[in-house]
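Hello,

Here is the structure you asked about. Please have a look, and then read on for what turned up in it.

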Amino acid sequence: MQIRILGAAAGGGLPQWNCNCGNCRAARRGAAHVQPRTQSSVAVSAAGGHWFLLNASPDLRQQLLGCPALAPPAEAPRGSPIAGCLLTDAELDHCTGLLFLREGPAFHLLATATVRRWLEAHLPIPTVLAHFCRPEWLELVPGAWQALLLPGGAASGLRVRAFDLDGHAPRFVAAEHAAGGVIGLEIEDTRSQGKLVYAPGTGAITPALVDAAGGAAAVLLDGTFWDDDEPVRLGIGARSAQAMGHLPVCSSLPWLAAQPAAVRVYVHINNTNPMLDESSAAHRRVDAAGVRVACDGDTFEI
Ligand code: MLT
Ligand code: MN
Ligand code: ZN
């Protein structure tokens, strides 16, 4: 399986248009020690040039233009190698990119029933897309393995199993928590049996996450904040990292560093996170633990 980080940053990207934190200022002036990053999305492929997106960020157009493997196939007037998109939640930074797929062919859109319900009620992307490319919705049922099929029904060489995380609801949804609101994904290459675990938003190292990561060759984990107090201390929000549903890196690093996976990576990194600065002690600590701070364009093969 090929894994490509399309965007390594959390919502807002790096630099964020209205942010004056140290990282955003450094990235804006082109400092070599803080790489700019687009918003949270990953692409995976088993073979045959077919790709599945894991979340679709508002930077999707730029991300696709920057990735030759995701360009239209040469033989058709128009087309796309994107076979489907899997959503881990209903957050704006993970869903709004779906609107940029409207010009293309139909694709499979996989989400839990909760995420689909939240979108239909509060962010009518499904209603809008029904007038354009008409994606086919497929339900991700946590706990069950399901094949990832190409739009015509052929095998893609990948299968997926979703697992429930804490179910934290987006800000624009009135609910607090709901099962299926935030999931992690276990994706397996059926030929090589290499497994990827993708959990860009998690409030805890849950038993299901531990179980999935134990057999994985690659783990991409929530790296939003460095410590719990970061959003409040830096004046960017009133809620702590944990109150926003994000386990800080300080707390998850010992666990991630101890995982058997050869590829251990933080994704969905907020622009305030000090580990984004390659000259920082935080970055050195993550690096010394054998964990990568994802950059846009990182590719891994498992
Ligand atoms: C999150 O990851 O917590 C959300 O994307 C935050 C947001 O931008 O609303
Ligand atoms: Mn987010
Ligand atoms: Zn910033």
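Seven strands make up an open sheet of mixed pairing, in the order E6-E5-E4-E3-E2-E1-E14. Strands here are DSSP runs of E of at least two residues, helices are runs of H or I of at least four, and both are numbered from the N terminus; two strands pair if DSSP finds at least two bridges between them. Because E6 (136-139) and E14 (299-301) stand at the edges with a single partner strand each, one side of each is left without a neighbour in the sheet. From one strand to the next the twist averages 20° (axes are lines fitted to C-alpha atoms, and angles run from 0 to 180 degrees between N-to-C directions). Within the sheet, E4 (residues 82-86) and E5 (residues 108-111) run parallel and are joined by three bridges; Cys85 has Leu109 in E5 as its bridge partner.

A word on the basis: this is a predicted model, in which local features need pLDDT of at least 70 and side-chain atom pairs count only at pLDDT 80 or more, while totals for chains, interfaces and linings use all residues. Residues are numbered from 1 along each chain as its sequence is written, chains are lettered from A and ligands numbered from 1 in the order in which they are written, and side-chain values use heavy atoms, with hydrogens and water left out.

Now the pockets. A pocket is an open set of points on a 1 Å grid over the protein atoms alone, where a 1.4 Å probe fits, with protein on both sides within 12 Å along at least five of seven lines; lining residues have an atom within 4 Å of a point. Of its 36 lining residues, Gly11, Glu91, Asp93, Arg171 and Met244 are the closest to its centre. Helix H3 (residues 92-95) gives the most to this lining, with three residues.

The second largest pocket has a volume of about 580 Å³ and 21 lining residues, with Leu64, Gly79, Ser80, Phe100 and Glu103 nearest its centre. Helix H2 (residues 60-65) provides the largest share of that lining, four residues.

Two loops are worth a look too. Leu14 and Pro15 are joined by a cis peptide bond, with omega about 0°; Pro15 is in the loop between strand E1 (2-7) and helix H1 (22-28). Asn55, in the loop between strand E3 (51-54) and H2, has a positive phi of about 70° although it is not a glycine.

Best wishes

How values were computed. Points joined across faces, edges and corners; volume = space filled by probe spheres on them.
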